[in-house]
Amino acid sequence: MRHNLEEIEQRKVIKYLDELKINQKLDVKFSAICHSTYTESIQAKTKNILDGLRRGLPDLFLIINKHPFFIEMKSSKGVLSDFQKRWINKINECEGIKAYVCYSFEDAKKVIDNYLQNFSLDE
């Protein structure tokens with residue numbers, strides 16, 4: 001189960017992304033990744049697995065100025081699971097896409113701002 005601090009930090013990231021999209025009219029698309037593999041219901045868990053849901057995929061998928069990337073949110077004391085490590089390593093082996101681990105809203109904001117500053121719409 002996700003820790004409350006992680007959820008609070010992720011919600012700050014979502015608020016920031018919404019503000020960028022609405023107030024500054026930037027080319028920003030994002031979605032949280034459903035992580036309901038940790039349900040108590042064996043029926044729901046079986047359905048999720050059959051539908052293709054797998055543990056460890058990072059929490060957020062973003063596209064900023066045509067550049068896709070993932071963010072795995074953790075609390076300040078959070079630890080990556082082996083499933084998360086494998087996903088992040090596999091994503092980072094790919095060309096043109098990255099996965100980042102962020103331990104706070106400020107960490108995630110730095111990653112997002114880097115994409116906003118370094119990748120213009122003219123590319």
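Strand 3 (residues 67-73) and strand 4 run parallel to each other and are paired over five bridges; two strands are taken to pair if DSSP finds at least two bridges between them. One of the links involves Ile-71, whose bridge partner in strand 4 is Tyr-100. The model is a predicted one, so to speak of local features takes a pLDDT of at least 70, and side-chain atom pairs count only at pLDDT 80 or more, while totals for chains, interfaces and linings use all residues. Residues are numbered from 1 along each chain as its sequence is written, and side-chain values use heavy atoms, with hydrogens and water left out.

Stepping back, this pair belongs to an open sheet of four strands in the order 1-2-3-4, with mixed pairing. Strand 1 (28-32) and strand 4 (98-102) form the edges, each pairing on one side only. From one strand to the next, the twist averages 20 degrees. Axes here are lines fitted to C-alpha atoms, for helices over the stretch in contact, and angles run from 0 to 180 degrees between N-to-C directions.

The chain as a whole has four helices and four strands, and from the N terminus on its elements run α-β-α-β-β-α-β-α. Helices (H or I, at least four residues) and strands (E, at least two) are DSSP runs, numbered from the N terminus.

Helix 1 (residues 4-23) lies across strand 1, strand 2 (60-64) and strand 3, at about 155 degrees to strand 1. Helix 3 (residues 82-92) lies across strand 3 and strand 4, at about 140 degrees to strand 4. Lys-21 sits in helix 1 and, leaving aside its neighbours within four places in sequence, is in contact (heavy atoms within 4.5 Å) with Leu-26, Val-28 and Lys-29. Lys-21 is partly exposed, at a relative accessible area of 35%; buried means under 20%, exposed over 50%, and partly exposed in between (1.4 Å probe, protein chains only).

As for the cysteines, Cys-102 is buried, with a relative accessible area of 1%, whereas Cys-94 is partly exposed at 41%. The count of disulfides comes to zero, a disulfide being a pair of cysteine sulfur atoms within 2.5 Å.

Over the chain of 123 residues, 34% count as buried. Among contacts between residues at least 6 apart in sequence, 65% join residues at least 24 apart.
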